[in-house]
Amino acid sequence: MRSLEELLNESSASHGHRCAGQVLGVRLAMAGCREVGIDEPKGCKKLVVLVEIDRCATDAIQAVTGCSLGKRTLKFLDYGKMAATFVNTETQRAVRVLAKDDARELARLYAPGAATPGEAQKQAYAAIPEELLFSIQPARINIAEENMPGFRGVRVNCASCREGINLRREVRVDGRILCIPCAQRSLGSNGASGDRPKVILIVGYKKVGKTTLIERLVPELSNRGYRVGTVKHHHSEFPVVVDSVGTDTWRHRRAGASGVALVTPTDFALFRDTPGGASLEEVVAALHGTDIVLAEGFHQAPGLKIEVLSVGSAQRRCAGDPQLLATVGPATGDASVASFEPDAIKPLADLIEREVLGKPGFPGVTKNSKFEIPSVSQLPVGHP
Ligand SMILES: [Zn+2]
Ligand SMILES: [Zn+2]
């Protein structure tokens, strides 16, 4: 292994400046390579490095090891941690090198005369003994075949955006082959489950026509082929009697069951104790299998909303809510939120299809969705 000074000159030249991150990164890379038994990493084809942060030190690790994204020998795990794992793919030996948290504090001790904290770190990181600077732990890394340098896989096309996908990055959702961004969109922004329907909260003051709007939207969306679920938030303090006195389910419940399910050849009803009230999440989870849920009430819950406005009053519950998709009722004069007449059900359903359900042929980007990088769990790379 070449000297710290020599490697530092080289990494600073390619990084563009000599900073504390260069010193830390060079030392981190020197330690990692040594621990996995690679003395001269440059040009050696058996080293793969998984970095956990994209900062100055990452460039230094790249400069010392010669590993790069393009060669597929550098993997980026977006954890925001000053750490990197070095894998010798020949011997399978792997170590994770983590910069210790107190290294910054130590810097003041090791470079007391430095003019700035940055300068102190730059000087100190070269002098602090390795065991004070880093924690080095053996790691078990299983690099999937498709993540190895030199892997060639079959290129496929995304069924939604039609773009080509390489390196087995396609995912299957309900039998369709999708790219990761399209799959995330189809799974909803939380990416939790393909079953989770989209949710729109229908909000507004009492007696403005929320139920009427739902009554009209349900057939309109159903006719367009969507399975629609609804939720009614009842504010009554008194228990709502749905399973009436004397029925078998009532007797089950009176006997102390905390949940009772009633199953008939065509329906399924569930009565459950929920002290404090069920969360919208729980209720929506129970409506899996639907494409969209229209929930009446819940104006304080996060989520896309349509507010029904009163004809006689200018009061608004959700003015300025960034998740307000549209208003229904008198025009608000607010150009940033679409406004619909109470009878304009078809145009409102068009908006829902386009912005919420991501109808093919439309951009399919909801008001609140953003293009997200795949989470690390979707990257088939093991982690210690
Ligand atoms: Zn830098
Ligand atoms: Zn796609």
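Strand E1 (residues 47–51) and strand E2 pair in the parallel sense over three bridges, pairing being assigned where DSSP finds at least two bridges between two strands. Within this pair, Val49 has Leu74 of E2 as its bridge partner. The model is a predicted one, in which local features need pLDDT of at least 70, side-chain atom pairs count only at pLDDT 80 or more, and totals for chains, interfaces and linings use all residues. Residues are numbered from 1 along each chain as its sequence is written, and chains are lettered from A and ligands numbered from 1 in the order in which they are written. Helices (H or I, at least four residues) and strands (E, at least two) are DSSP runs numbered from the N terminus.

The chain contains 11 helices and 17 strands. Of its 384 residues, 30% count as buried; a residue is buried if 20 or more other C-beta atoms lie within 10 Å of its own, exposed if 12 or fewer, and partly exposed in between, with C-beta atoms placed from the backbone. Among contacts between residues at least 6 apart in sequence, 59% join residues at least 24 apart, a contact being two residues whose C-beta atoms, placed from the backbone, lie within 7 Å.

The pairing of E1 with E2 belongs to an open sheet of five strands, in the order E2-E1-E3-E4-E5, with mixed pairing. Strand E2 (74–76) and strand E5 (134–138) stand at the edges, and because each has a single partner strand, one side of each lacks a neighbour in the sheet. From one strand to the next, the twist averages 20°. Helix H3 packs on this sheet, where H3 touches E1, E2 and strand E3 (83–88), and the direction of H3 makes about 180° with that of E1. Axes are lines fitted to C-alpha atoms, for helices over the stretch in contact, and angles run from 0 to 180 degrees between N-to-C directions.

Helix H3 also takes part in packing between helices. The axes of helix H1 (residues 4–15) and helix H3 (residues 56–65) come within 9 Å and cross at roughly 120°. H1 is therefore oblique to H3; angles under 35 degrees count as roughly parallel, over 145 as roughly antiparallel, 65 to 115 as roughly perpendicular and the rest as oblique. The crossing of H1 and H3 is right-handed, a term applied if the near helix is turned clockwise from the far one by less than a right angle, with left-handed applied if anticlockwise. Leu7, Glu10, Ser11, Ser14 and His15 of H1 make the contact with Cys56, Asp59, Ala60, Ala63 and Val64 of H3. These residues divide into five nonpolar, three polar and two charged, where Ala, Val, Leu, Ile, Met, Phe, Trp, Tyr, Cys and Pro count as nonpolar, Asp, Glu, Lys and Arg as charged, and the others, Gly among them, as polar.

The axes of H1 and helix H2 (residues 20–35) come within 10 Å and cross at roughly 125°, which means that H1 is oblique to H2. This crossing is right-handed. On H1, the contact is made by Leu4, Leu7, Leu8, Ser11, Ser12 and His15, and on H2 by Gln22, Val23, Gly25, Val26, Arg27 and Met30. The contact of H1 with H2 comprises six nonpolar, five polar and one charged residue.

For H2 and H3, the axes come within 7 Å and cross at roughly 45°. These two helices are therefore oblique to each other, and H2 passes H3 in a right-handed crossing. Residues of H2 in this contact include Gly21, Leu24, Ala29 and Cys33, and those of H3 include Ala57, Ile61 and Thr65. The contact residues of H2 with H3 divide into 11 nonpolar, five polar and one charged.

Six strands form an open sheet with parallel pairing, in the order E11-E14-E10-E15-E16-E17. Its edges are strand E11 (228–232) and E17, each with a single partner strand, so one side of each is left without a neighbour in the sheet. E10 and strand E14 (residues 292–296) pair in the parallel sense over five bridges, and Ile200 has Leu294 of E14 as its bridge partner. Helix H8 packs on the sheet, touching E10, E11, E14, strand E15 (304–308) and E16, and its direction makes about 170° with that of E14. H11 likewise packs on the sheet, touching E10, E16 and E17, at about 175° to the direction of E16.

In helix H11 (residues 345–355), Leu348, Ile352, Glu353 and Glu355 are buried. The cover of these residues includes strand E10 (198–203), helix H8 (210–223), strand E16 (324–328) and strand E17 (338–340).
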